[in-house]
Amino acid sequence: MATIFYGVAGEGNGHAIRTKTIIDELKKNHVIHMFSHGNGYKFLKKFFPVHRILGFHMYYTNNKVSSFLTGTINTIKFPLMALASLQYPVAFLKHKPDIVITDFEPFLMYWAKVFSVPTISIDNQHSITNTQIDRIKSQWLTEVYSRAVIHTFLPNPDKTIITTFFSTPIIKDNTILVQPIIRPEVQKLRNKNNKTSKNNKTPRSEEKQQDKEHIFVYQTSPSYKRMIPVLKKINRQFIMYGFNKETKEANLTFKKFNTEEYLEDLATADAVIINGGFTVLSEALFLQKPIFSIPIKRQFEQIINGHYINVLQYGMAVKDINEQNFTKFLERKELYRKNIKKIKWDGNKALFKLVEQLIMK
């Protein structure tokens with residue numbers, strides 16, 4: 001049995017969602033102390049004791065990272081973040097962790113180095129720095145900035161585990177690629193939908209049936225409102241998350257976040273419209289949903305995810321939505337679905353085995 005410190009970034013919900021899946025497995029055999037902030041803290045505290053810290057956040061305007069707001073606010077907050085991180089050395093001295101795991105939470109990594117504790121990074125961001133990704137010429141400056149942030153946040157973990165839906169050559173030692181982490185709730189939904197499909201004795205045209213199904217929409221930034229008039233012109237029903245309201249406008253049904261309802265709407269959708277966030281993208285792929293991706297501008301992680309959605313033909317990634325590109329997406333969605341169905345999933349088995357081996361090494 002090992003004592004593990006686990007740090008989780010609080011930007012968005014993806015880091016916390018995949019961490020919960022890992023923690024549920026690790027706590028069977030180990031003692032876990034968790035640290036998080038923002039949305040990560042709010043999500044994880046529902047299930048585990050969590051130490052609250054302060055951390056970095058990104059700020060958006062019209063589906064774009066605001067460099068000015070992000071830089072200014074985080075710079076102002078940094079002294080408070082550093083002060084809040086002083087709970088780490090107290091915890092290190094009190095609990096004497098055997099290993100530190102971090103999902104893009106930087107302060108824990110730095111304190112682990114101070115106390116000479118072995119470190120593991122589990123995230124998808126390191127695909128940018130530790131693998132040979134395709135170069136996108138128009139995004140070179142955003143890529144340089146992203147690489148600098150990753151190197152600054154997590155300098156030289158002892159082992160880096162990259163969760164990824166695209167396979168690229170590894171260019172740094174101590175790096176391992178694994179499949180995206182899929183939470184058990186999502187795995188159960190896919191099994192449930194497959195059984196329902198097999199047991200459905202009513203013959204129906206697949207195309208006609210899909211025309212009656214909704215399209216799932218999730219947006220990280222509620223400021224991206226230019227999509228709303230576009231979707232109102234499309235003869236489909238849309239269920240909308242991320243706009244923080246409960247209402248109905250024409251063919252758009254807006255919902256506030258509720259985990260069970262959110263996952264059910266995702267699982268029963270004909271296709272999805274998302275940004276380029278890794279967790280919701282991975283869950284959509286697992287549930288075999290064609291993806292229309294609108295990556296947040298100046299967020300290179302999302303841009304590279306969208307790039308590989310196009311390369312692998314799992315869907316379409318665009319800078320902005322319009323009636324023409326979304327209609328083209330709908331016309332090609334069965335090709336995208338066919339490609340997505342070729343993905344072989346292992347139910348997180350390789351990741352769990354790997355992490356356990358590294359902890360007990």
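In this predicted model, H57 is in contact with G10, E11, H37, G38, T70, N74 and K77, once its neighbours within four places in sequence are left aside. The residue sits in the loop that runs between β3 (50-52) and α3 (67-84).

A helix pair comes next. Helix α4 (residues 87-95) packs with helix α5 (residues 106-114) at an angle of about 50 degrees, and the two axes are 10 Å apart. Because of this angle, α4 is oblique to α5. The crossing of α4 past α5 is right-handed. On the α4 side the contact is made by Y88, P89 and F92, while α5 contributes F107, L108, W111 and A112. By residue class, the contact of α4 with α5 holds seven nonpolar residues, with no polar and no charged ones.

Turning to the strands, seven of them form an open sheet in the order β10-β11-β9-β8-β12-β13-β14, and the pairing is mixed. The edges are β10 (247-249) and β14 (315-317), each of which pairs on one side only. From one strand to the next, the twist averages 15 degrees. Within the sheet, β8 (residues 215-218) and β12 (residues 271-274) pair in the parallel sense over three bridges, and I215 stands opposite A271 in β12. Helix α14 (residues 323-340) lies across β8, β9 (238-241), β12, β13 (291-293) and β14. Relative to β14, α14 runs at about 145 degrees.

How values were computed. Residues are numbered from 1 along each chain as its sequence is written. This is a predicted model: local features need pLDDT of at least 70, side-chain atom pairs count only at pLDDT 80 or more; totals for chains, interfaces and linings use all residues. Side-chain values use heavy atoms; hydrogens and water are left out. Axes are lines fitted to C-alpha atoms, for helices over the stretch in contact, and angles run from 0 to 180 degrees between N-to-C directions. Helices (H or I, at least four residues) and strands (E, at least two) are DSSP runs, numbered from the N terminus. Angles under 35 degrees count as roughly parallel, over 145 as roughly antiparallel, 65 to 115 as roughly perpendicular and the rest as oblique. A crossing is left-handed if the near helix is turned anticlockwise from the far one by less than a right angle, and right-handed if clockwise. Contact means heavy atoms within 4.5 Å. Ala, Val, Leu, Ile, Met, Phe, Trp, Tyr, Cys and Pro count as nonpolar, Asp, Glu, Lys and Arg as charged, and the others, Gly among them, as polar. Two strands pair if DSSP finds at least two bridges between them.
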